[in-house]
2 protein chains.
Amino acid sequence: MLTVNGLSKGARITPDAVRHYARIGLLVPSRDPNNGYRLFDDEALKRARFIRRAKGLGFTLQDIRTLFSYADNGRSPCPEVRAIIQQRIAENRASVTELGELLERMEDALERWKSMPDGEPDGDEICHLIESVA
Amino acid sequence: MLTVNGLSKGARITPDAVRHYARIGLLVPSRDPNNGYRLFDDEALKRARFIRRAKGLGFTLQDIRTLFSYADNGRSPCPEVRAIIQQRIAENRASVTELGELLERMEDALERWKSMPDGEPDGDEICHLIESVA
DNA sequence: TCCTTGCCTGTGTGCGGCACCCAGGTTCTA
DNA sequence: TAGAACCTGGGTGCCGCACACAGGCAAGGA
């Protein structure tokens with residue numbers, strides 16, 4: 001049986017994350033009757049590693065909770081895994097596009113500003129650099 | 001003088017955003033003594049538009065707060081604007097890279113999984129698709 | 001024996017930027 | 001005169017932790 005620190009090392013996540021997962025019910029420890037410490041079994045270790053891997057693939061903790069509930073009810077989570085990752089891929093592509101556009105706007109602005117002087121406060125504009133942008 | 005809704009239309013932001021900015025002190029309304037409604041002057045309208053533009057360039061509300069404090073003290077925020085955007089550009093590039101890598105991992109996984117069957121619960125693995133990933 | 005060190009506990013807060021909800025008061029319009 | 005559309009403050013929720021606080025317990029060394 002592993003304590004918080006032991007599990008965190010075995011699963012390569014931080015102790016805070018272990019406690020967090022336990023708090024939200026993704027990991028369910030038993031307790032050491034002597035001191036109240038959380039005790040995790042091998043099943044919990046597997047789950048913790050699963051969480052790390054799934055998160056590394058873009059699954060949210062909510063997603064992972066769903067997957068666990070499949071597994072706990074004796075159903076294979078695999079079809080759900082395929083469905084979720086397609087969803088997350090689509091969202092991620094949208095984010096990349098959006099972030100890329102923002103980045104472009106930022107770089108364009110910085111470039112344009114190179115030929116513009118700093119303004120002095122005139123009670124009319126706050127910062128003409130920013131105000132020069134659509 | 002403009003109410004919340006009036007300002008939101010004039011600055012093209014949502015009424016909730018207006019209230020939010022007022023709550024955190026980025027916009028400071030006066031009050032209608034008759035009914036307690038927030039009243040915004042032209043200065044607030046300029047600020048609200050400035051916020052929308054600056055946010056569109058990736059400035060955070062904290063950044064904007066800093067810029068306002070420069071302007072309020074009679075100093076030009078322009079040098080700070082240039083410094084902040086360079087910082088944000090760097091962060092944004094890092095995010096894009098990171099997200100891109102995640103996306104690649106996700107797409108790779110989905111592709112590899114195409115040739116793998118769904119697993120059935122065996123008490124050993126939770127989902128072999130995810131567990132097949134480093 | 002005492003002291004330090006390093007675990008552990010629960011609880012609460014903070015991060016960013018709003019969006020939404022509640023319950024109630026006010027103002028405009030038909 | 002009724003209903004729609006506005007306004008108020010205050011609270012919660014999102015996401016995934018990270019960090020802080022105050023205290024308890026265990027093992028080691030001087």
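Helix axes here are lines fitted to C-alpha atoms, over the stretch in contact, and angles run from 0 to 180 degrees between N-to-C directions. Helices are DSSP runs (H or I, at least four residues), numbered from the N terminus. A word on the source: this is a predicted model, where local features need pLDDT of at least 70 and side-chain atom pairs count only at pLDDT 80 or more, while totals for chains, interfaces and linings use all residues. Residues are numbered from 1 along each chain as its sequence is written, chains are lettered from A in the order in which they are written, and side-chain values use heavy atoms, with hydrogens and water left out.

In chain A, helix α4 (residues 61–72) packs against helix α5 (residues 78–113) at an angle of about 170°, their axes 11 Å apart. That makes α4(A) and α5(A) roughly antiparallel (angles over 145 degrees count as such). On the α4(A) side the contact (heavy atoms within 4.5 Å) uses A:D63, A:T66, A:L67 and A:Y70, and α5(A) brings A:E80, A:V81, A:I84 and A:R88.

DNA strand D is surrounded by 18 residues, the closest being A:T14, A:Y21, B:N5, B:R31 and B:R38.

| Residue and part | DNA strand | Distance |
|---|---|---|
| A:Y21, side chain | D | 2.9 Å |
| A:K55, side chain | D | 3.2 Å |
| A:L61, backbone | D | 3.4 Å |
| A:R31, side chain | C | 2.8 Å |
| A:R38, side chain | C | 2.5 Å |
| B:L61, backbone | C | 3.3 Å |

Finally, the whole structure holds 16 salt bridges over all chains (a side-chain nitrogen of Lys or Arg within 4 Å of a carboxyl oxygen of Asp or Glu). One of them pairs B:R93 with A:E107, the closest N and O atoms being 2.3 Å apart. B:R93 sits in α5 of chain B and A:E107 in α5 of chain A, so this pair joins two chains.

Technical notes. Angles under 35 degrees count as roughly parallel, over 145 as roughly antiparallel, 65 to 115 as roughly perpendicular and the rest as oblique. A residue is near a molecule or strand if one of its heavy atoms lies within 4 Å of it. A polar contact is a pair of N or O atoms within 3.5 Å; within protein, one must be able to donate a hydrogen and the other to accept it, and residues adjacent in sequence count only if both atoms are side-chain atoms.
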